[in-house]
Amino acid sequence: MNRLTILIATIFISVCAMAQQKAYIRFNDGRAIECSIEDIKEIGFEKQEGEIIVEQKEALYPVPAMTYVDMNLSVKWATCNIGASKPSETGYFFGWGELTPQMYKQYNWASYLKEFGAEIQSADDCGTAKDPMKEYILGGIEYERSNDIGAVEFDMAHERLGGYWKMPSKREVEELMKMCDWEWMSEGNSEYDGVAGWKVISDNGFSVQSIFFPAVGYYEEGEHQGNGSGYYWTATPSKDNKHEAIMFQFDGSSKQLSGSERYRGFVLRPVYTDVLLWNSDDDED
């Protein structure tokens with residue numbers, strides 16, 4: 001197969017995955033294969049004899065281009081979750097520091113950070129040699145500034161969207177909570193396709209701007225939980241527990257920042273900065 005054929009096949013499977021969560025491959029002789037994308041670990045193609053090209057799992061989870069809104073804050077906020085194409089859509093679920101969604105949606109310690117070769121089996125393994133993120137969760141007085149994973153190799157927003165995008169820090173979420181007006185949109189509302197969540201409103205001096213956080217729950221142990229509530233990762237690790245990171249959690253009556261087990265599958269809302277950000281991989285491009 002040449003690269004064009006590989007590209008067509010990858011796009012074909014990606015489209016099928018987005019639309020129906022199934023992949024279909026049809027051969028010239030009429031044979032066809034159908035499977036769930038949950039059963040696919042990777043896709044391999046033979047370019048030349050003895051040479052196999054492996055398409056990474058990211059091809060099954062394309063990230064639409066992001067737009068942002070200027071809320072007159074220190075960063076600009078994306079209008080959608082990672083993986084979503086409009087504000088009311090869920091997007092993808094990630095463990096803290098993971099770059100791709102878990103295909104089987106286990107979201108437990110045994111499945112956590114496997115793409116980085118983690119050997120974590122319980123909370124006790126966090127911060128040890130089994131934990132690829134150990135250097136970012138050591139804590140301390142300046143833990144938010146020195147250990148924040150924004151714009152490092154574990155920041156999915158930065159890795160997939162580029163140099164000005166990153167995961168929001170705890171402080172940036174606090175700023176959004178304090179400086180903007182929040183309006184709860186009930187299930188069935190006409191503005192956001194009937195999806196419940198918080199509409200965040202700000203006057204940036206030129207116009208009134210808003211973004212929407214859908215209440216889409218989370219994944220844990222293969223189960224979708226927390227219907228009617230929202231769970232969003234920040235880039236900030238917990239100051240007290242190496243097995244936790246800071247999340248933004250809400251329902252129709254409350255909003256808070258608190259620690260949560262890093263393996264849980266939460267959604268992610270990126271932010272856009274005015275300063276170009278780098279990580280070690282950027283220098284190789």
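In the predicted model, seven bridges join strand β9, residues 197–203, to β10, and the two strands run antiparallel.

Strand β5 is joined to β6 (residues 76–78) by two bridges in the antiparallel sense. Valine 69 has tryptophan 77 as its bridge partner in β6.

Strands β13 and β14 form a hairpin with six residues between them. Five bridges join β13 to β14 (residues 244–250), and the two run antiparallel. Within this pairing, tyrosine 231 stands opposite glutamine 249 of β14. Strand β13 covers residues 230–237, and eight of its eight residues are buried. Gly230, Tyr232, Thr234 and Thr236 point one way from β13, whereas Tyr231, Trp233, Ala235 and Pro237 point the other way. Burial therefore applies to both sets of side positions, with a relative accessible area under 20% as the cut-off.

Two cavities of 30 Å³ or more were counted. The largest cavity has a volume of about 40 Å³. Its lining is made up of Trp77, Pro168, Val173, Phe213, Tyr232, Trp233, Thr234, Phe248 and Arg269. The largest share of this lining, three residues, comes from β13. By class, seven of the lining residues are nonpolar, one is polar and one is charged.

The second largest cavity holds about 30 Å³ of space. Phe94, Gly95, Trp96, Gly97, Glu98, Phe154, Met156, Met167, Trp233 and Leu268 line this second cavity. Its lining divides into seven nonpolar, two polar and one charged residues.

Across the whole structure, 27 aromatic pairs were found. One of them is a stacked pair between tyrosine 164 and tyrosine 272, with 5.5 Å centre to centre and 25° between the planes. Tyrosine 164 lies in the loop between α3 (156–161) and β7 (165–166), while tyrosine 272 lies in β16 (residues 271–272), so this pair ties together parts that are 108 residues apart in sequence. The two residues were assigned to separate accessibility classes. Tyrosine 164 counts as partly exposed, at 33% relative accessibility, whereas tyrosine 272 is buried, at 18%.

Another aromatic pair is formed by phenylalanine 248 and phenylalanine 250, which are tilted, with 5.4 Å centre to centre and 50° between the planes. Both of these phenylalanines are buried. They also belong to one aromatic cluster, together with Trp77, Trp182, Trp184, Trp198, Phe213 and Tyr232.

Most residues other than glycine have a negative phi. Lysine 105 has a positive phi, near 55°, and is not a glycine. This lysine lies in the loop between β6 and α2 (143–147). Its relative accessible area is 24%, so lysine 105 is classed as partly exposed. Alanine 151 likewise has a positive phi, of about 70°, although it is not a glycine. This alanine is found in the loop between α2 and α3. With a relative accessible area of 7%, alanine 151 is buried.

Terms used
Residues are numbered from 1 along each chain as its sequence is written. This is a predicted model: local features need pLDDT of at least 70, side-chain atom pairs count only at pLDDT 80 or more; totals for chains, interfaces and linings use all residues. Side-chain values use heavy atoms; hydrogens and water are left out. Two strands pair if DSSP finds at least two bridges between them. Helices (H or I, at least four residues) and strands (E, at least two) are DSSP runs, numbered from the N terminus. Buried means under 20% relative accessible area, exposed over 50%, partly exposed in between (1.4 Å probe, protein chains only). On a 1 Å grid over the protein atoms alone, a cavity is a set of points where a 1.4 Å probe fits but cannot get out, and a pocket is an open set with protein on both sides within 12 Å along at least five of seven lines; lining residues have an atom within 4 Å of a point. Grid points are joined across faces, edges and corners, and a volume is the space filled by probe spheres set on the points. Ala, Val, Leu, Ile, Met, Phe, Trp, Tyr, Cys and Pro count as nonpolar, Asp, Glu, Lys and Arg as charged, and the others, Gly among them, as polar. Rings of Phe, Tyr and Trp (its six-membered ring) pair if their centres lie within 6.5 Å; planes under 30 degrees apart count as stacked, over 60 as edge-to-face and the rest as tilted.
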